[in-house]
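This briefing goes through one protein chain by topic. Please keep the sequence and the structure to hand while reading.

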Amino acid sequence: MAARQAHGARKRTVVVGVYFGAAIVFLLAGALGLVWIAPELAHGLYPAPQVAGITHLFTLGFLTLTILGALAELLPMTLGTPRYSSAAAMTAWYFLVIGIPAFAYGVAASETSVLAVGAALFGTGLLVAAGNVIASLASSRSRNITWYA
């Protein structure tokens with residue numbers, strides 16, 4: 001029994017770790033991208049494709065992965081129920097970490113085919129993550145304030 005609980009705790013830690021680790025990588029990539037787009041920013045060219053691409057590294061890469069990683073860990077803990085599927089959480093992560101850079105590159109380079117593939121992968125990752133959250137909510141026996149929020 002104790003070994004099974006330790007294995008479950010290790011799975012939770014791995015899922016949260018990869019989400020937060022990838023979020024930090026996207027934060028660093030965005031910071032390096034700021035050096036690349038500094039001339040456009042200095043000239044006030046905020047709608048430039050390169051600026052939009054780097055912005056998406058921050059918004060989709062750092063912020064979204066941080067939120068989804070926290071949601072994958074904290075929601076089941078506050079509900080007092082295990083995460084519905086660690087495999088689904090990892091599947092969502094794979095879709096997201098492949099889709100986000102593809103989307104950002106597609107925006108920055110104005111490559112609509114790459115942008116579309118990246119958007120499809122990112123959207124699929126979000127759907128898988130949302131499905132996992134909904135399934136976790138449905139499997140919860142308690143209906144506390146967190147469940148209704």
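**Helix packing and surroundings**

The axes of α2 and α4 come within 10 Å of each other and cross at roughly 15°. At that angle, under the 35 degrees that sets the limit, α2 and α4 are therefore roughly parallel. The model is a predicted one. Its protein chain has five helices and zero strands, in the order α-α-α-α-α along the sequence.

**α2 against α4**

- The crossing between α2 and α4 is left-handed.
- On the α2 side, the contact is made by Leu60, Thr64, Leu68, Leu71, Leu75 and Leu79.
- On the α4 side, Phe122, Leu126, Ala129, Val133, Ser136 and Leu137 make the contact.

**α2 against α3**

- The axes of α2 and α3 come within 7 Å and cross at roughly 165°.
- The angle is over 145 degrees, which makes α2 roughly antiparallel to α3.
- α2 passes α3 in a right-handed crossing.
- From α2, the contact involves Pro49, Gln50, Ala52, Gly53, His56, Leu57, Leu60, Gly61, Leu65 and Leu68.
- From α3, the residues in this contact are Trp93, Leu96, Val97, Ile100, Phe103, Ala104, Val107 and Ala108.
- Leu60 and Leu68 of α2 are among the residues that touch α3, and both are also listed in the contact with α4.

**α3 against α4**

- For α3 and α4, the axes come within 7 Å and the crossing angle is roughly 155°.
- α3 and α4 are therefore roughly antiparallel to each other.
- α3 passes α4 in a left-handed crossing.

**Helix α4**

- Helix α4 covers residues 112–139, which is 28 residues.
- From its first C-alpha to its last, α4 reaches 40 Å, close to the 40 Å expected at 1.5 Å a residue.
- Buried residues in α4 are Gly118, Phe122, Gly125, Ala129, Asn132, Ala135 and Ser136.
- What covers these buried residues includes α2 (49–79) and α3 (86–109).
- Phe122, Ala129 and Ser136 are buried, and these residues of α4 also take part in the contact with α2.

**Nonpolar core**

- The largest nonpolar core has 26 residues, and the members that touch the most others are Tyr19, Leu65, Trp93, Leu96 and Ile100.
- α1 (2–42), α2, α3 and α4 each supply at least two residues of this core.
- The greatest share comes from α3, with ten residues.
- Leaving aside residues up to four places away in sequence, Leu65 touches Tyr19, Ala22, Ala23, Phe26, Leu60, Trp93, Leu96, Val97 and Ile100.
- In soluble globular proteins, nonpolar side chains tend to be buried together.

**Loop between α3 and α4**

- Ser110 lies in the loop between α3 and α4, and at 52% relative accessibility it counts as exposed.
- Most residues other than glycine have a negative phi.
- Ser110 has a positive phi of about 55°, although it is not a glycine.
- Glu111 is found in the loop between α3 and α4 and is partly exposed, with a relative accessible area of 36%.
- Not counting residues up to four places away in sequence, Glu111 touches Tyr105 and Gly106.

- Leu28 is in helix α1, and its relative accessibility of 53% is why it counts as exposed.
- Leu28 and Leu57 are 29 residues apart in sequence, with 9.3 Å between their C-alpha atoms.
- Leu57 is also one of the α2 residues in the contact with α3.
- Ala31 lies in helix α1 and counts as partly exposed at 38% relative accessibility.
- Ala31 and Thr55 are 24 residues apart along the chain, and 9.9 Å separates their C-alpha atoms.

**Whole chain**

- Of the 149 residues of the protein chain, 36% count as buried.
- Among contacts between residues at least 6 apart in sequence, 74% join residues at least 24 apart.

Notes
Residues are numbered from 1 along each chain as its sequence is written. This is a predicted model: local features need pLDDT of at least 70, side-chain atom pairs count only at pLDDT 80 or more; totals for chains, interfaces and linings use all residues. Side-chain values use heavy atoms; hydrogens and water are left out. Helices (H or I, at least four residues) and strands (E, at least two) are DSSP runs, numbered from the N terminus. The expected span of a helix is 1.5 Å times one less than its number of residues. Buried means under 20% relative accessible area, exposed over 50%, partly exposed in between (1.4 Å probe, protein chains only). Contact means heavy atoms within 4.5 Å. A nonpolar core is a set of buried Ala, Val, Leu, Ile, Met, Phe, Trp, Tyr and Cys residues joined through side-chain atoms within 4.5 Å. Axes are lines fitted to C-alpha atoms, for helices over the stretch in contact, and angles run from 0 to 180 degrees between N-to-C directions. Angles under 35 degrees count as roughly parallel, over 145 as roughly antiparallel, 65 to 115 as roughly perpendicular and the rest as oblique. A crossing is left-handed if the near helix is turned anticlockwise from the far one by less than a right angle, and right-handed if clockwise.
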